[in-house]
Amino acid sequence: MFYEQKVDRRSRELMVEFLAGHYRYNTMNSWIRGSSYANRVKIRHLGLTHEQDSKAYDVLNTDYWDELHYVIDDFTSAMDGRYTIGSNGRSGGYLVLYRGEYYDPGYKSRCRACGQLNYQHISNDVGQCGLCAKMERVNLAHPFRWHRTTGSGIDGDLDANDLSVWSMSQLRDRVDLVCRFDRACDEMRQNFINLIDGCMVVTETVMVPKTITRLCCSAPL
Ligand SMILES: [Zn+2]
C-alpha cells in the first residue's frame, strides 16, 4: 500500500483527519473553482528505485496507458458510474477522483457498414446510411450507456470543522470511497512498476517510414 491508508472507521476524529488531510488537486483548471481527492503520480513521486526510475521514462514513451486504464474502468463500474478517476495537471501528474454518470447519448440507429450513428429510428428492417449510402442502417437493439465525467469538485469547500458535523455513516461512506480510490491508484502504480520491471522497451522501424516504440512483455500481465 503506497497511497491507501488504514483509517479507523470507529473514530470520528480520525476519519475527519484523514479526509481533511488527504492530498487534493483541481478538477478542472486552477482558475475554475473545484477540487477533489487526488494522488501525485509524477515519476519522482512514485517511490521507485534508481534503476526503475531511469527505465520509467522509456515506458512513458509507449502506449502504456492501455495497461493501466482497465483499473479505472473497474473502479468506475464498481461505483456504478457515480465516480471515476481521471488525470489532471501538466503532463497528467495527478490522479483525481471525479464525479461521473452513465447517460444515453440518444442514438437510435447505426450503420453496420461504416459504423455511423444516427439519432433517427428507421421504420423498416434496414435503411440507407447517410454517410456511406449503403443499405445497412439498422435500429439499435438497446440504447447506449456511455459514461461522462463532471468537473464538479468533491468536498472542495469543506474543512475539518465542516466535516466534523457529518454523521458517522456519512463519514464512513466518504472514507470508504476515498480509500477505494487510493487502492485503485495503488493498483495503477503497481501495474506501472510491473511494466518497468517486466518489459523491455524496444524501438523498431516498421514498413511505414516512422519509428514506433512499443513494450515487449516477458509474461502477460
Ligand atoms: Zn454507413
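**Tour: the zinc site, then the largest pocket**

The model you have open is predicted.

Now select Cys-111. Its relative accessibility is 1%, so Cys-111 counts as buried.

What are its protein donors? Show the SG atoms of Cys-111, Cys-114, Cys-129 and Cys-132; they lie 2.3 Å from the zinc ion. Check the angles next. Among the 4 donor atoms they span 105 to 117°, and the site is tetrahedral. For four tetrahedral donors, the ideal angle at a metal is 109.5 degrees.

Switch to the sequence view. Along the chain, the zinc donors are spaced C-x2-C-x14-C-x2-C. Colour strand S5 (residues 109–111), which holds Cys-111, then the loop between strand S6 (117–118) and strand S7 (137–139), which holds Cys-132; the pair therefore ties together parts that are 21 residues apart in sequence.

Which helices each supply at least two residues of the lining? Display helix H2 (50–60), helix H3 (65–78) and helix H5 (168–198). Of the elements to highlight, pick H5: it gives the most to the lining, with 4 residues.

Last, colour the pocket lining by residue class. It divides into 12 nonpolar, 4 polar and 3 charged residues.

Conventions: Residues numbered from 1 in each chain as written. Predicted model: local features only at pLDDT ≥ 70, side-chain atom pairs only at ≥ 80, totals over all residues. Heavy atoms only, no water. Donors = N, O, S within 2.8 Å, 3.2 Å for Na, K, Ca; no water. Tetrahedral: all angles 85-135°; square planar, octahedral: opposite > 155°, others 65-115°. Buried < 20%, exposed > 50% of the residue type's maximum accessible area, 1.4 Å probe, protein only. Nonpolar A, V, L, I, M, F, W, Y, C, P; charged D, E, K, R; others polar.
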